[in-house]
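Colleague: I am new to this protein and would like a close look at a single part of it. Please take me through the place where its parts meet.

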Amino acid sequence: MADEVILLDFWPSPFGMRARIALAEKGIEYEYKEENLSDKSPLLLKMNPVKKQIPVLIHNGKPVCESLIIVRYIDEVWKCISPLLPSDSYQRAHAMFWADYVDKKIYSLARQVWLSSVEEHEAANDELMGCFKQLEGELGDKAYFGNDTFGIVDVALIPFYSWFYMFEQCGNMSIEAECPKLVAWGKRCMEKESVSKTLPDQHKFYDLLMDLKKKILAK
């Protein structure tokens with residue numbers, strides 16, 4: 001009997017993009033259900049009653065929540081295809097450390113750069129660029145964060161590549177000038193079909209974020 005795989009998601013979500021990229025890397029067929037976050041479906045509320053957030057992966061009727069947990073679950077269940085985590089215990093722990101770093105740092109700073117006024121977000125700009133420089137230091141001269149293998153750190157970070165144009169416009173920064181290896185990594189990831197078919201165009205995504213910003217600040 002074939003696995004039943006459903007993904008509850010909202011297309012602009014960088015966290016949902018992680019799940020979609022992981023599923024695509026593994027070649028897993030699944031049913032995609034788009035959520036309206038202002039009117040959440042009964043299925044979402046049932047499957048994630050604690051946080052009521054997307055993404056939620058439903059595998060044979062059982063929910064898995066939180067994007068990095070979902071990616072790790074996908075990797076463990078379909079482990080024979082395109083592994084996203086190293087088999088070595090230390091290397092796996094090292095990868096999870098950096099994926100967790102992305103999780104805890106990038107989105108919160110990205111929101112500050114995106115939603116703050118010009119006067120307020122200078123500190124967020126500097127901290128965000130500092131994070132990118134740390135990540136570039138970890139990347140070094142490797143093709144991907146997992147050396148020659150596209151892995152969980154890449155999956156965690158690459159959705160924010162869609163935000164780079166917004167960072168440059170709103171934060172008055174040049175990521176390519178400051179972190180050329182990180183930008184080259186982003187372009188390299190975009191050559192992968194799992195990534196290019198998931199991530200939106202940076203300019204269109206910028207327009208979406210600006211429209212959303214107006215609505216948020218108008219409330």
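Modeller: The protein is divided into domain 1 (5-77) and domain 2 (89-218), with bounds that come from an automatic or database domain assignment. This is a predicted model, in which local features need pLDDT of at least 70 and side-chain atom pairs count only at pLDDT 80 or more, while totals for chains, interfaces and linings use all residues. Residues are numbered from 1 along each chain as its sequence is written, and side-chain values use heavy atoms, with hydrogens and water left out.

Taken over C-alpha atoms, the centres of domain 1 and domain 2 are 21 Å apart, and 14 residues of domain 1 are in contact (heavy atoms within 4.5 Å) with 23 residues of domain 2. Between them the two domains bury about 1600 Å², 75% of it on carbon and sulfur atoms, where buried area is the accessible area (1.4 Å probe) that two parts lose on being put together, summed over both. On the side of domain 1, Arg18, Ile21 and Leu68 lose the most area to domain 2, together 36% of what that side buries.

Arg18 also forms a salt bridge (a side-chain nitrogen of Lys or Arg within 4 Å of a carboxyl oxygen of Asp or Glu) with Asp103, the closest N and O atoms being 2.6 Å apart. The count between domain 1 and domain 2 is two salt bridges.
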